[in-house]
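Hello,

Here is the structure I promised to pass on to you. Have a look at it first, and then read on for what I found in it.

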Amino acid sequence: MAAEKLVPIRNTNQRQLIFEYLEHTLTHPTAEQIFQNMRQELPRISFGTVYRNLDILEKQGLISTVIYSKEHVRYQVGSMNHSHFVCSNCDKVKNVVIDDLTDLNNQVSRRHKVMVQKYNLIFYGQCANCQKM
Ligand SMILES: [Zn+2]
């Protein structure tokens, strides 16, 4: 319908699209990469809008960030309870699975008299592809 095209895309729809994009990617994109991707669907979207929506999604607990250096804030769906591997060569970020972190959590809890609720472990090195080069 022609009339439908005149209805402006609302922020909530933009946010939904950003969330859906994150939901379907395993690359842990930066805000810039998310912006570039969203522009293909929403040519008039600005970086500021993408950034604001990411901020709102994060505050709602729907996404979280993986920060492994100041220049590298990456976004992902869900909360933080898994770990990451970062390739120092090609910058790829992968989710990694660790069998049991209870001991590690207990260690931190006991030593620092804190209650661990979530963790964010980052392993660094060379990914399988970069090792072949
Ligand atoms: Zn690599």
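In what order do the three strands of the open sheet lie? The order is β4-β3-β5, and the pairing is mixed. Two strands are said to pair if DSSP finds at least two bridges between them. The strand and helix names come from DSSP runs numbered from the N terminus, with helices being H or I runs of at least four residues and strands being E runs of at least two.

Before going further, some notes on reading the model. This is a predicted model, in which local features need pLDDT of at least 70 and side-chain atom pairs count only at pLDDT 80 or more, while totals for chains, interfaces and linings use all residues. Residues are numbered from 1 along each chain as its sequence is written.

Strand β3 (residues 83-87) runs antiparallel to β4, and four bridges join the two. Ser83 has Val96 as its bridge partner in β4, and His84 has Asn95. Towards β5, β3 runs parallel, again with four bridges; here Val86 has Tyr124 as its bridge partner. As background, strands of a sheet pair through backbone hydrogen bonds, either parallel or antiparallel.

The hairpin of β3 and β4 has five residues between the strands. Asp91 is found in this loop, and its phi is near 75°, a positive value in a residue other than glycine. Asp91 is partly exposed because 14 other C-beta atoms lie within 10 Å. The cut-offs, with C-beta atoms placed from the backbone, are these: a residue is buried if 20 or more other C-beta atoms lie within 10 Å of its own, exposed if 12 or fewer, and partly exposed in between.

**The chain as a whole**

The protein chain has six helices and five strands. Along the sequence they follow the pattern α-α-α-α-β-β-β-β-α-β-α. Of the 133 residues in the chain, 11% are buried. Contacts are counted between residues whose C-beta atoms, placed from the backbone, lie within 7 Å. Among the contacts with a separation of 6 or more, 53% are between residues 24 or more positions apart.

**The core**

Which residues form the largest nonpolar core? There are eight: Ile18, Leu22, Ile34, Met38, Val50, Leu54, Ile63 and Tyr75. Two or more of these residues come from each of α2 (11-23), α3 (31-41) and α4 (47-59). A nonpolar core here is a set of buried Ala, Val, Leu, Ile, Met, Phe, Trp, Tyr and Cys residues joined through C-beta atoms within 7 Å.

Leaving aside residues up to four places away in sequence, Met38 touches Leu17, Ile18, Tyr21, Ile45 and Val50. Helix α4 also holds Asn53, which counts as buried because it has 23 C-beta neighbours inside 10 Å. The C-alpha atoms of Asn53 and Gln14 are separated by 7.8 Å, although these residues are 39 apart along the chain.

**A helix that is hardly covered**

Helix α5 (residues 102-112) gives another picture: among its 11 residues, the count of buried residues is zero. Just after α5, Lys113 takes a positive phi of about 50°, although Lys113 is not a glycine. Lys113 lies in the loop between α5 and β5 and counts as exposed because it has 7 C-beta neighbours inside 10 Å.

**Confidence**

The mean pLDDT of the chain (the predictor's confidence in each residue, from 0 to 100) is 83, and 85% of the residues reach 70 or more. Where pLDDT is low, the predicted coordinates should not be read in detail.

Best wishes

How values were computed
Contact = placed C-beta atoms within 7 Å.
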